[in-house]
Structures are given as C-alpha cells and as structure tokens.
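Hello,

Here is the model for you to look over. My notes follow it.

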Amino acid sequence: MTGLSPVTLVLNGFALALALGFMFIVLWYDSRKRVIQFYATFMLMVTLWNLGALMAQALALLPANTAITSIAFSLTELGYSGASVALNIFLTLLSGTHVRRFSLLAFLSLGVLIAYRLFLLFAASPTSAVDEAPPLATFSIVFFVIFDLLSLYLGWLYRRKIRDALMVTGVVVFVTGQGVALLNPELGIVALATVISSLGALMISVAIVRQEIITPITSLTAQLNTTRGVSMSISSQLDPGTILSEITVQSARLSGADAVGLFLRERADLELVNVYNLPDEMRHMRVAVGRGLIGQAAEMQTSLYIENYGRDWKGEDDLKYARSTFGAVVCVPLRYREEVIGVLLVVSGKQGRLFRREEIQVLELLGAQAAVALAHTRLFDEVESARSTLETLLNSTENPVVAFDAAYNLIFANPAALNLTTLNAAIREHRIHELLLPNGDAPENVYEIKLDERDYLCHLGRLGSVQLEGWVAVMQDVTQLKELDRMKSEMVRMVSHDLKNPLMGALLYIDLLRETASSTQNEMLTVIEQQMDRMQRIIRGVLDVEKVRLSSVLSEPVMVKPLIERAMHELRRQADSKQILFQAQNPDDTLCFIGDADQFQRALVNLMENAIKFSDDGGRVTVRAYREGEQIVFCVEDDGIGIPSELHDRVFDRFFRGRQQGAEHVAGSGLGLSIVKTIAENHRGRVWLENADARGTRVFITVPAGDSGGLDVQLE
Amino acid sequence: MRVLIVDDEQVIRDALAQKLRQEKFEVVTCGNGLEGLRAFHASKPDLVVLDIVMPGDMDGLTVCRRIREVADTPVLMLSANAITENDIIEGLQSGADEYLIKPVRLNEFVARIRAMLRRSLSASVAESVSGYDDGYLNIDLNRRQVHVQGRRVHLTPTEFKLLAVLLENAGHVVNQRELLEQVWGAEYADDVYYPRVYISQLRRKIEPDVASPVYILTEHRIGYRFEKQPPVISGK
C-alpha cells in the first residue's frame, strides 16, 4: 500500500485550508449573493469529500471499525457527488443561465442527496469490512458523469461570460481531480485525486475572490478615477463638437466597447451626431423617438441593455447592419431636467465582450454628466448668441444707448453714445446722472434732451424688477423730425396763405359782380360761390388740424352745461335753416372737467355740425351729457342717414369721407372728425360711434370728470 | 373819410378800394409796408387796412407798430396765415384794433370799417363818470388821458373805450357779450378773443403786477369787473 504520503497530505491540507479561508472571506464580504452561497456549498462538499478520504486513509492504519469506516465512506461519497452537483449549480448561476426557482430546486436536490446518504448510513447494513477503501459507488459515478461533464460544458459554453481563465481552469482541474478518483480504487490515487481537486477548488476560490471582491473594488476605483477625469474633461470644454467627441471616446474607453454613437434629440427625432468606430456615413442618420432600441430608451427614459442584439432584440432595427454586426448593446438616455436630450449607444461586436452591470452604471453616470455638459453648452450658446446679436444691434444702431447702475457708474455705452461729445464727457467725469436724470431718481420716462447741438428724444427705463438696479437710456435723434415738423407747419401756413389770397380776390369780385348782375347771372354766381366756399372749408379744415396740434391744451375747469350752450349757439342758425329740432337734454348743472374749453367746444361743434349736415330737413339732433363713473360722456344723436358699422372706426381718420348713398350733397373737408379725435386724445378721452336704435347715429366723446367742488374761478 | 389800404395782392386791393369808393370813401392804396407807412404820413387817413404778410422788410405788424408810435388811427388787420389764437393775439398786440382772417367778404369788410370809424369818432363814453384817481392810477375820461404813477400811458382808442366801459360799471361784472357790444359793436358779439386780448394789454399798461391784477378782475367764463383800490399816499 502506498500509505499516507505526508507530502500529499500537507499539500492537500494547505490547499484546502487556503480555499476555505477564501471561502470565509467571500462569505464575510457578501453572504447574501446566490453565487457565493453555492460556492460555499461547493466548498463544504469538497471539504466533506476530503475529510471522508482522509478518514478512510487514517482508518486503514487503525484496527477495523466498521461503523467509523462506513461513516468515512459515506462522507467521501456525499462530498464527492455533492461537490459535483454544487459545482454545476455554481457554474449555472455564474453563467447567468439559471431558470426560475432554479436555486430552490438545486438546494432541494442537494437536500435529497444528503438525506439519501444519511439514510444509507443508518438504515442500510454497513458495507462489509475491507482492508482497502472500496471503490466509489456507481451512484457517484453517475453523478460525476452527469454533473461534472455538464459543468465542463457550461464552462466552455459561457467562457465569454465567465471571462475569468483561472475560474475555467479551476473547474477543469477540479473535474480532472474527480475523474482521477474514479480511475483506481487505490488509496494513493484517491489521495492524488483529492489533492488535484483541492488545487482546483483553490483556483476556483482565488477566481471567486478576485471576481467578487478584488475586481469590483479595483474597477470601482478605476471607474471613479476615469469618470472623474471624463467629467472634468467634458465640463472643461465649451465647444459643442469637442464635447460630443469627448463623450463618445470616453464612453468607449470606460466600457471597453467596440463602437459608440451619440444621438442628439431634434424634436421628435434622434440624430446621430458623433461616432466612434462606426462608419462615418452613418452620421446624421435619424431615429424616431419611440422606435427601435434607441428610440425606446429615449421614450422610456431608462437605460436598455441587450446581450445579443441579433438574437434578443425583437423590435424595429435602429441602424443598418445592426442585426448582423451588433453583439451586446447598451442605450443610455442623456437626461436633463426630466427631458431626454440624446441617447448614448454603446455597442460591442458580434463576438465581442458583454457588459457588466457596473459598466452600465458607469455609462449612466457618464451620460448624466454628458447631458449636463451638453445642456450647458446649449444654454451658453444661446446666451452667447443672444448677447452677440444684442451687441451687434446696439453697436450698429445710430441711437445712442447708455446704461448705468444705481450709483451712476457706467454699465454700457454703445459707439453712438460715445461719439457724442457731451455724453462722452459726462461719462468720463462721472456725472451722467446730471445729464440723463434731470429730475433725480424719479424721472419722466420720455423727455427731450439737447446733446451736441442736436435734439434727442430720450426714453429712460429702470433696470431691476423689484429693487432699482440702474437705468438704461435710449436716445433718438429727432432733430430732423423736428425740422420736418417745423417745415410742415411752415408749408401749411404758406399754402394756406397762398390759397387764401386768390380765394379772397375771387370772392371779392363775386361780391362786386352781384351788385350789377342779372338774376340768371346771380344764380351762376351762387354756384361759383358755393364751390369757393367748399375750397375755403377744406383750407380751414387743414388749418384747424394744425391749430389743434399746435395749440397747447389749457388746463382749466370747464363747466359742461355752458359749454354745450355755447356750442349749440354757434350752430343754431344752421340747424334752423334745415328746420331741425336741435336740443340739449337736461344736462347736469354740476358736471365739470379740467381741460381746454375752446378746444372742447370746437370738438362738440364739429360733432353737432356733422349731425345737422347728415340729417334730413325737419330731423332731430339731441345733445346729452352725463356722468358715467369717472368719465363725463357727451352724446350727440341724430336721426339722419346713419353710417355703416364697418366705417365706424375709419371716419376718424384724416381726410376720410363716407361715400354712402344720400350723403353726396354734403360738403366737408374730411377733417372734422379727425380734429375731434385729436381733441379727445388731448383730453385723455375717447370718441366713438354707435348706430342709433331706429336710424341715425350716436357719437360719443368722453373726458375724465373733474371735481366740481371748490372751483378756482381765476382765469388767465 | 379817408382809408389807406396796404396789401400786396393787387386784386384784393383793387376790389376793396372799388367797394369803398362806391361807399363814398376816399381810398389810398399801397403794395408794400414801406410805401404804406409813407402814404400814412402823407395822406393822414382816418383808418388803415393792413395786410400782415407782405414782401420787403416791413410786414403789417411792423407797420402797425410804427403807426402806433405816432397816432391812434384805427387799424384793421387782414391775415391769411393765422392758425392759432396766438397769431391773432400777436396781431392785436401790435396795436391793431381789428383782426380779420382772409377770406373776408365785401359786406362784412365795409360793416367792420364803419363800426371802427364810429367807435373812434364817439369821443366820450357816458358823462356819469368823469374819471378815477387813487394816487397810483389816474384816469381822465374827458381828456382821454391815463396816468400810472404820474407817468402818461398811451392807450389805443379801443383800449381806452374798454377801460371806460369797465370803469363806468366799477364794482359790477360786465359780461363778454355786453363788453363786445358796447366797445366794438353789436356785430362783434361772437368775437370772444377781443376782450381777452385787450384786457391783457390793458393790464400790462395799468396793473402794478400783471400776474395778479387788482384793477381789472376776471369772472371766469362770465366777464370782467373793474375794482377801485384804496388811495395810495404818494411817497414823494
């Protein structure tokens, strides 16, 4: 007999002890993980097997004790076949191919195995005492053949997924060890078998420690460092193009992917804007949100992982050649403020590696940072382009623009402003407020200012919505406008003068002719006179517009009742000549407003004159005045031919004359109502038309009511 | 009665002259301001009709001022380019007694001329009041003289008549219509500018402080009132 070799014993014990030590470390690290639990089970079985084998070898040296011997054999058998089953279950879990309730079934089968062994130990008659250790039972051989070979197959099949060569080698070594145990029942062989298997178990242990503890920790550190580096390099970039390529390159580096594509959202589409290792012509391809894997990731706003695109993805294809070239695929949506702004596509080739969960998490982290960086770039771009547009605008405008803070320090001045000597000097001498805030901090919003001998209209705006932060002044050169205005007035004056003189000359000769004319000649003269009257009215109309515009509006208390009476007095004769019932309807004695009595009388006269002109002979014109809230309302109503509603707004335009039927004979300049409108506006009032109930028109003019109490009767 | 017509528009000049001659007036016509002023001195007219805008250095306003420096002759101003009230007031302030805006019809023209002549010829107002003197302001209705602080103040006939009517009704309000009818004539009842302009001219001449008048007070939208002041003891 070869006996118990001390070398194998020491080697075996050392390997086993080390493996058990690793097992405890792994269990201590994370005992809840299924893989680790079955690894521990596997180690337990290996230990049992070794223990059994050791006992059997030790018993051979002692006097035969059938009970202990049978226990030793049972332990060997149980450990041997249990290890086979446990290894298989462990590998299945490791390769991730387990079915539902697999671990439950696995535990159950192990339980049955142990129960069967214990039953054999106590219930069945012990095996006859032999000198030599008996060969392994057929039962164990069956287990070995089924489970160990299955384990080898699994290891081979999922070598890509297991990825750890040591693990695969360990499995092979362990299976070899178990195989060796079958070769010859000689104890020496059994001892050799347990040594080989222990080495195998040690390899598996080292592999599991590396996979479960060391790799995550080192890769976590590495990933942390890389992510930090990546996010630093991304966020330090402001050029969108650089950021995009940085994101793709870094994602590829971090995940060890074969290719990366970056899609950015363009309304309902995702456009491929940057590629790494993908064909360049794919760039600018578009994928609709919600369609394909990429579209789905964008729509669901979650990362999607497919291990084998060709096999597992049943939806629409995202890109050409995807099905034939893509292996594992990760789609990470880039989200910013609950919105998907793009998708990161990370691809490994058909024969390439798969992605670990940690790698996907790192990609998600990267995606989040990339999203923020991209969003910020966009924001920055928008702000920058808005700023440059504004700057171009301000620099190119001829209007001087100046902004200064509440302490009157200059914030901004465009070239047009700096070109003004007066303004420039004020800015340099820090007394800009003296120039632009003539009334201190409570300025008028619009006022005129003279700078460098030119007239400017200055629009002053406050900066700061709650607290005053400063002022911005936009100035408009109105020198030319004022000159034009002056020229226009001059021209109106000149034209009216030049027209009035010949008109008067002609009228005077009509008057002279009348004294000697016959009756037919007189009729003709009347026609000529009427035509000249029309001309005169037009001239007067033009001059009236100019007059209302030029005259400053007086602010004096105006009593409404006498005002109406004076206006009616002017038109009494005209109304009487058409037998029109011209009356005021009991106006209130106390009504009063602040304004220009002459101008307002002019407005009322124009309205009443219109009413009279457009009324038939024997018609009725009624004037009313009443208070409505804060307004005094004047209403002139006639029962004349009326004005179509669609013309109601236009009648207040200059030179507008209604061309409706029945009004052809009415003379006018088309300026009367436009003067009324100007006067109403001068009085912060309003003027509008309404159709009267039966026929005719109502014209309303309003003016803010003044306080009639305590009138100051001083005029001039 | 002799009327001087100064207007650069020959057609107007001729027509007005023809009408006035028909009405038995003696008429002198001129085409510009300078000639007009010469003609005024040469022919000593009873009334002057002045156009405002005329070619040359001298416009109607200047001519009127120059006339006022030497005489009270009534002046009727004709204007084609009056737009605002201020234009009219400017004309009246140069010393004109009347301001008509072109075009003016013959009948109205003749009526106004007759009214003006009537006004200037009615030497005295009523005899009930002969004058007023409080030490500061002295009005002598009979001699048609007004003194302020002993210095003689020159008043046009219209201004004088206006002051006389107000003094006659001292302490009572004379409304605008009454004022217009008594001073200018019944046909002027609607020309509300006249009292306003003449009152302000009168104030400038006789009030110690134009901004807060004490003699001629305004009753808002009604009329005016002459208020006698307590006698001032001369500081001399």
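In chain B, 39% of the 236 residues are buried (20 or more other C-beta atoms within 10 Å of the residue's own, with C-beta atoms placed from the backbone). This is a predicted model: local features need pLDDT of at least 70, side-chain atom pairs count only at pLDDT 80 or more, and totals for chains, interfaces and linings use all residues. Residues are numbered from 1 along each chain as its sequence is written, while chains are lettered from A and ligands numbered from 1 in the order in which they are written.

Chain B has eight helices and twelve strands (DSSP runs numbered from the N terminus: helices are H or I, at least four residues; strands are E, at least two). Take contacts in chain B between residues at least 6 apart in sequence: 57% join residues at least 24 apart. A contact means C-beta atoms, placed from the backbone, within 7 Å.

Now helix 8 of chain B, residues 193–206. Its buried residues are B:Tyr194, B:Pro195, B:Tyr198, B:Ile199, B:Leu202 and B:Ile206.

Last, the contact between the chains. Chain A gives 25 residues and chain B gives 24 residues. On the chain A side, helix 17 (479–514) and helix 18 (519–550) each supply at least two residues. Helix 17 of chain A has the largest share, 13 residues.

Regards

Technical notes
Two residues are in contact if their C-beta atoms, placed from the backbone, lie within 7 Å. The expected span of a helix is 1.5 Å times one less than its number of residues. A residue is buried if 20 or more other C-beta atoms lie within 10 Å of its own, exposed if 12 or fewer, and partly exposed in between; C-beta atoms are placed from the backbone.
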